[in-house]
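Good morning, everyone. Please take a look at the fold on the screen, and I will walk you through its sheets, helices and cores.

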Amino acid sequence: MEKIAIVINSLKKGGAEKQAVLLGRMLSGFYDVRIIVMRPEEGISEELITLYGVKKSDIVELNATTGRGIRGLCHVLRRWRPKSLLCYLTYANFAGAVAGRLCGVGNIYQGLRNARMPLFKVLAEVIANMLSTGAILNNHAGLSFFRRHGLRNLTVIENCYPSIRCHRKREAGERVTIVTAARFVTQKDYRTAIEAFRIAAQKMPKLYYRIIGHGEGEVDLRQWIVESGMEDRVEVIVNPVNVQKLIDECDIYLSTSLWEGTSNSIMEAMDASLPVVATAVGDNDRLIEEGVNGMLISPGDAIGIAEALVTLAGSCELRNDMGVCGNRMLEKRYGMDVFRKRYLGLLGQDVSGSRVQEVQDLPEE
């Protein structure tokens, strides 16, 4: 059986980490797969491994014995000799490309998980791309950005959402709760989210806001809430273990990101049958059809976001109709079957185990 290695920085609970573990589980039915963790000290989520059924014996952690960084990765690759490397995120992309070439790995794919990134990361990705077979993006929005910076052989394989639940409808209650589940970082633009909520809450006394996440921006986030005068109507929950349950309890999902790839958190909202109000960035327009399962607003437009929230807060029927549509769209477009076919096609194998022609670079948009 052919060997494949998936290289990633850590296995903490993040979007890229979820997709890496999910990919490992899916490919294990066709290949001998190992997940190589470059920086295990950053976190290994037992919950994540258990959730997706990955064997601990299939996870290789670089340590003092194997060696760290590129040297440690070379040590593992020379001993195990995989035919292909699938890497996730900039550090793993760079290390995987260098180590893979040094060790004679046949196919090396870097994984680009956003539609844009800082210049210093772009430089590392350009170098990795020169040494790689190609790059896999999880979104269409990043194609022009990375092509403009000289990356070649780009293929889009969107995120997979496994085990999609049956759609559900909610009954009208005394409260309407908005929810956001995202890291506390600049990209997510919580300042606009808080301002939009303040405007909407002045018109809708029954409106409340639940924020779920973690990150270096927590102090700023709490300060913006205080400045808005909405402390009694905004709840901040830091790094909980029951994220999906907390989302399920809410009525509207809000995403105010300044840029995105394919948003895992919006997918989680669609799985929960929630209508989505989101900024028109990244691949959000592929997840959300305007007026069908949500509303798209320009980034930074607090007034426009507030108006959308008020519209949804005022109609339980509209929220339910949009939520059901979103759930059905998620199942059709982002289920395991689509994900499996794209990756096996890229690696030259179809779901029946026969070889197929390699996927070509996507045309210019």
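First, a term: two strands pair if DSSP finds at least two bridges between them. Helices (H or I, at least four residues) and strands (E, at least two) are DSSP runs, numbered from the N terminus.

Now the ground rules. This is a predicted model, where local features need pLDDT of at least 70, side-chain atom pairs count only at pLDDT 80 or more, and totals for chains, interfaces and linings use all residues. Residues are numbered from 1 along each chain as its sequence is written, and side-chain values use heavy atoms, with hydrogens and water left out.

Overall picture. The protein has 14 helices and 13 strands. Its C-alpha atoms fill a box of roughly 65 × 40 × 40 Å along the principal axes. The radius of gyration is taken over C-alpha atoms, and the globule rule is 2.2 Å times the number of residues to the power 0.38. For 365 residues a compact globule would come out near 21 Å, and the protein has 21 Å, so the two agree.

Next, burial. Buried means under 20% relative accessible area, exposed over 50%, partly exposed in between (1.4 Å probe, protein chains only). By that rule, 57% of the 365 residues are buried. Contact means heavy atoms within 4.5 Å. Among contacts with a separation of 6 or more, 70% come from residues 24 or more positions apart.

On to the sheet with seven strands. What is its strand order? The order is β3-β2-β1-β4-β5-β6-β7, the sheet is open, and the pairing is parallel. At the edges stand β3 (59-61) and β7 (154-156). Each has a single partner strand, so one side of each lacks a neighbour in the sheet. Axes are lines fitted to C-alpha atoms, for helices over the stretch in contact, and angles run from 0 to 180 degrees between N-to-C directions. The twist here averages 25° from one strand to the next.

Look at β1, residues 3-8. Five of its six residues are buried. With β2, β1 pairs in the parallel sense over six bridges. I4 stands opposite V33 in β2. With β4 (residues 84-88), β1 pairs in the parallel sense over five bridges. There, A5 has L85 as its bridge partner.

Helices cover these strands. α1 (residues 15-27) lies across β1, β2 (32-37) and β4, at about 170° to β1. α3 (residues 69-80) packs on the sheet too, touching β1, β2, β3 and β4, and its direction makes about 170° with that of β2.

Now the sheet with six strands. The order is β10-β9-β8-β11-β12-β13, again open, with parallel pairing. β10 and β13 are the edge strands, each pairing on one side only. The twist averages 20° from one strand to the next. Six bridges join β8 to β9, which run parallel. One detail there: I212 in β9 is the bridge partner of A181. α7 packs on this sheet, touching β8, β9, β10 and β11, at about 165° to β9. α12 lies across β8, β9, β11, β12 (276-279) and β13, running at about 170° to β13.

That brings us to the cores. A nonpolar core is a set of buried Ala, Val, Leu, Ile, Met, Phe, Trp, Tyr and Cys residues joined through side-chain atoms within 4.5 Å. Which residues have the most contacts inside the largest core? They are Y209, I211 and V277, in a core of 34 residues. Elements that give two or more residues to this core include β8 (176-181), α7 (190-203), β9 (207-213) and α12 (302-313). The largest share, eight residues, comes from α7. A second, separate core of 32 residues includes Y31, F339, Y343 and L347.

Zoom in on I178, in strand β8. Buried or exposed? I178 is at 0% relative accessibility, so it counts as buried. Leaving out residues up to four places away in sequence, I178 touches F197, L207, Y208, Y209, R210, I252, L254 and L309. I211, counted likewise, has T180, F184 and L221 among its contacts.

Last stop, α10, residues 264-271. Eight of its eight residues are buried. Among them are N264, E268 and D271. After α10 comes S273, with a positive phi near 60°.
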